[in-house]
Amino acid sequence: MCTGACSKFIAVPLYVLALVSIICNIMLFFPDFETSYAATDRKGTDRITEEVKYMGGVIGGGIMVLIPAIHIHLTSANKCCANRCGMFLSIGFAAAGVVGALYSLSVASVGLVNGPLCYWSNAQNPIPRWGTPFSNSNGSYLDNRDMWEWCWLPENVVEFNVALFSTLLVAAIVELVLCLIQMVNGLCGCICGTCSSKD
């Protein structure tokens, strides 16, 4: 496959994954699809899960992948890159995408392991309070749905966080793989030259 065509094949999914990452991160600011928690959190009272505020999906999996995707897509114009310089630059942009994907992956992983911030209580802590009840569980709450009932507010916050952080995690892994492939593709295009169309 032509290195330019390969770049286009990589760029298009990166657009979609960057958009998915941004949407998931923004949605995490509104647990139970309520704006009141974000408004209260902005006033200084913690109501949003800490890892959401790190903006892994917006900054890492979103912007830091979207900018390389645009350059990689431009590199593939007319299915071929016209010069080796473009392919060389795509290596640097893809490397920035790798950094962004790793950041998003790290934040999503920590968000899944620590669990959501919620108003909770259980048998050992009968007085309800705001906090992260699963932060010391090493992620064991993920396969124990009975623990999910500890969280009272926001409603269904555990399912909400698990679904969105899992989506961010998968998107970041795919972005990471695609950007690594583009680094190899760019290196091949830079060293070996790009394809030439046959008329």
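This report describes selected features of a predicted model, from its annotated spans to its disulfide, salt bridges and surface.

Residues are numbered from 1 along each chain as its sequence is written, and side-chain values use heavy atoms, with hydrogens and water left out. Because the model is predicted, local features need pLDDT of at least 70 and side-chain atom pairs count only at pLDDT 80 or more, while totals for chains, interfaces and linings use all residues.

**Annotated spans**

An unreviewed UniProt entry lists residues 12–30, 54–74, 86–105 and 162–181 under "transmembrane region". UniProt positions are given here in the numbering of this structure, feature names are shortened, and annotations may be inferred rather than shown by experiment. In the model, residues 12–30 are 89% helix and 0% strand, with the end C-alpha atoms 29 Å apart. Residues 162–181 are 100% helix and 0% strand, and their end C-alpha atoms also lie 29 Å apart. Helices (H or I, at least four residues) and strands (E, at least two) are DSSP runs, numbered from the N terminus.

**Helix α7**

Helix α7 covers residues 157–192 and includes Gln182. Gln182 is buried, with a relative accessible area of 0%. The term buried means under 20% relative accessible area, exposed means over 50%, and partly exposed lies in between (1.4 Å probe, protein chains only). Leaving aside neighbours within four places in sequence, Gln182 is in contact (heavy atoms within 4.5 Å) with Ser7, Ile10, Ile72, Met87, Ser90 and Ala94.

Asn161 is also placed in helix α7. Asn161 is buried at 3% relative accessible area. Not counting residues up to four places away in sequence, Asn161 touches Leu28, Thr49, Pro116 and Ser166.

**Cysteines**

A disulfide is a covalent bond between the sulfur atoms of two cysteines. Here the term is applied to a pair of cysteine sulfur atoms within 2.5 Å, and a search of the whole structure finds one. This disulfide joins Cys118 to Cys151, with an S to S distance of 2.0 Å. Cys118 lies in strand β1 (residues 118–120) and Cys151 in strand β3 (residues 151–153), so the pair ties together parts that are 33 residues apart in sequence. The link of Cys118 and Cys151 is left-handed, with -55 degrees about the S-S bond. Both Cys118 and Cys151 are buried. Cys24 is buried at 7% relative accessibility, and Cys179 is buried at 0%.

**Salt bridges**

Side chains of opposite charge can pair when their charged atoms come close. A salt bridge is a side-chain nitrogen of Lys or Arg within 4 Å of a carboxyl oxygen of Asp or Glu, and the structure holds two. They are listed here.

| Salt bridge | N to O distance |
|---|---|
| Lys53 and Asp46 | 3.5 Å |
| Lys53 and Glu50 | 3.8 Å |

Lys53 and Glu50 are three residues apart in helix α3 (residues 50–53), so about one helical turn separates them. Lys53 is partly exposed at 27%, Asp46 is partly exposed at 43%, and Glu50 is partly exposed at 38%.

**Surface patch**

Tyr54, Ile59 and Tyr103 make a nonpolar surface patch of about 260 Å². Patches are made of residues with over 30% relative accessible area and no salt bridge, where like charges are joined within 9 Å and nonpolar side chains (Val, Leu, Ile, Met, Phe, Trp, Tyr) within 5 Å. Accessible areas come from the Shrake-Rupley method with a 1.4 Å probe, and for residues only the protein chains shown count as cover. Ile59 lies in helix α4 (residues 56–75) and is partly exposed at 38% relative accessibility.
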